[in-house]
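My entries follow in the order I made them.

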Amino acid sequence: MNPVELDAGMTRTADGELLLAGVPLAELAEQLGTPLYCYNAEVIDQRLVQLQQALAQLPHQINYAIKANSNLAILARFARRGVGADIVSGGEMLRALAAGFPPGRIVFSGAGKTDEELVAALTCGVGQISVESLSELHRLAVLSDNRPNDVPIGLRINPDVTVDTHPYISTGHGGLKFGIPIDQLDDALRVIDAAPALQLNALAVHLGSQLLSADPYSTALDTLLPLLEHVREARHRPTVLGLGGGLGIRYHNENPLTPAEWVAPLQQRLHQSDCSLHLEPGRFLVGNAGVLLARVIHRKYAGGREIVVVDAAMNDLIRPALYQAWHEIVPVSDPDRSPVDTDVVGPVCETGDHFALGRPLPLVQPGELIALLGAGAYGFSMSSNYNSRARAAEVLVERGRWGVIRPRERLTDLFNSEVKQPFPDDLP
Ligand SMILES: *Cc1c(COP(=O)(O)O)cnc(C)c1O
């Protein structure tokens with residue numbers, strides 16, 4: 001077993017059959033078809049406990065960033081364990097409420113909240129709205145006027161920290177759409193002062209995703225703490241420091257920090273800040289827990305390359321196409337065959353529709369199953385119907401049992417609501 005397989009909580013039987021939480025993946029594929037997202041609930045629970053234990057010495061709140069994997073079963077599991085939700089749209093708010101998160105444990109982030117979304121958040125009484133621009137703050141001041149209750153807000157500061165990750169998942173440096181530039185903080189405080197309903201609850205950052213070092217957090221904290229002093233001097237009483245999400249995981253050969261290693265260099269300063277620490281992890285909690293099961297459709301040899309065409313594609317898992325992301329790929333049976341360099345591609349009509357190029361893999365044959373690992377975060381939640389492909393089914397496994405948490409879409413559902421002839425006078 002390689003470390004990524006172990007991170008997913010996988011084992012193999014003596015004859016080489018892959019199990020997830022004790023359930024044979026081949027059985028799941030047989031029963032439910034492929035492509036199939038399988039999540040190991042035990043791994044999700046372990047990750048949460050790890051994080052909670054690392055933070056035990058600090059007042060804190062974990063708000064799961066639900067965009068990472070927003071299936072109701074996953075959300076409800078976190079809600080039952082007292083975790084809050086970090087949301088970025090009105091749709092995610094409805095999901096979070098449907099899953100059972102109390103409104104007071106919902107934090108609404110995002111650079112482009114519409115009036116409609118802000119009003120919905122005010123009406124349901126979310127625990128915090130994280131404001132990302134002066135423009136948004138002005139809208140919120142107007143919309144919250146004459147509301148009976150205080151509106152707790154956070155200011156998401158852009159600390160201008162550069163992080164070592166893919167540029168598409170880096171969010172904390174200057175000139176991006178995310179957060180309020182520091183030199184606009186005083187303007188923001190003036191808007192809040194003039195809007196009696198708005199209550200400055202938190203200063204927060206979110207630096208990016210898949211971060212493998214505590215340094216950017218430490219740098220951001222160095223920026224946040226003086227700002228905290230500054231807003232306190234301006235007679236605001238924030239009680240929360242938010243450090244966002246971003247904790248990285250192992251996809252290949254990364255060496256991610258444990259939560260304890262991550263918090264150690266921050267602990268002292270956080271303690272002295274007299275604030276509660278809020279974190280918004282997504283990937284860390286669910287990323288390793290998921291695998292995408294796919295079946296080999298064809299094998300071909302072309303231009304000197306061994307190509308395996310599988311029944312999952314970029315519409316199911318877009319991370320390789322979007323971020324050149326690496327997902328470990330393993331055969332579900334008989335892993336010990338000698339490897340050959342293989343391109344693993346999907347059926348979608350895009351050259352970018354590949355999961356791996358030149359990857360050493362056994363000569364998997366049509367009909368065989370492969371598992372793409374590390375697919376629990378930003379997998380299904382980023383999937384689409386491109387090429388009129390039905391989205392995959394999702395199944396949760398735990399201690400040898402499994403339950404479908406989203407059935408496979410039906411092909412007719414993809415176009416049922418479309419209007420074939422909007423103009424009745426058109427030629428038939
Ligand atoms: C996406 C996002 C997160 C979660 O990031 P991960 O890397 O999955 O932990 C947290 N906070 C905000 C504001 C986000 O947009």
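**Entry 1: the second largest cavity**

I began with the lining of the second largest cavity, whose residues divide into six nonpolar, two polar and no charged. I kept in mind that this is a predicted model. The residues I listed for this lining are Leu211, Leu212, Ser213, Leu247, Gly248, Leu257, Trp262 and Phe284. For the volume of the second largest cavity I noted about 40 Å³.

**Entry 2: the largest cavity**

How many cavities of 30 Å³ or more are there? I wrote down three. The largest cavity comes to about 60 Å³. Its lining holds four nonpolar, five polar and two charged residues. I found Asp86 and Glu280 there, along with Asn63, Val107, Gln128, Ser130, Ala202, Ala204, Val240, Gly242 and His278.

Which strands supply at least two residues each to this lining? I marked strand E8 (128–131), strand E11 (198–204) and strand E12 (240–244).

**Entry 3: the largest pocket**

Next I turned to the largest pocket, with about 570 Å³ of space. I counted 31 lining residues, and those closest to the pocket's centre are Lys67, Thr171, Phe178, His206 and Tyr378. By class, the pocket lining has 13 nonpolar, 11 polar and seven charged residues.

What takes up this space? I found the ligand in the largest pocket.

**Entry 4: the ligand's shell**

I then looked at the 14 residues around the ligand, where Lys67, Ser209, Gly246, Glu280 and Tyr378 come nearest. I sorted this shell by class into three nonpolar, six polar and five charged residues. Lys67 and Tyr378 had already turned up among the residues closest to the pocket's centre.

Which ligand atom lies 2.7 Å from a polar side-chain atom of Lys67? I noted an oxygen atom. For Glu280, I have a polar side-chain atom 2.5 Å from a nitrogen atom of the ligand. His206 has a side-chain N or O atom 3.5 Å from a ligand nitrogen atom; I kept this pair on my list because the cut-off for a polar contact is within 3.5 Å.

How much of the ligand does the protein cover? On its own the ligand has 390 Å² of accessible area, and I recorded that the protein covers 94% of that.

Notes:
Residues numbered from 1 in each chain as written. Predicted model: local features only at pLDDT ≥ 70, side-chain atom pairs only at ≥ 80, totals over all residues. Heavy atoms only, no water. Near = heavy atom within 4 Å. Polar contact = N/O pair within 3.5 Å; in protein donor to acceptor, adjacent residues only side chain to side chain. Areas by Shrake-Rupley, 256 points an atom, 1.4 Å probe, with all protein chains shown as cover. 1 Å grid on protein atoms, 1.4 Å probe; cavity = no way out; pocket = protein on both sides within 12 Å on 5 of 7 lines; lining within 4 Å. Sits in = over half its atoms within 2 Å of the grid points. Nonpolar A, V, L, I, M, F, W, Y, C, P; charged D, E, K, R; others polar. Points joined across faces, edges and corners; volume = space filled by probe spheres on them. Helix = DSSP H or I, 4+ residues; strand = E, 2+ residues; numbered from the N terminus.
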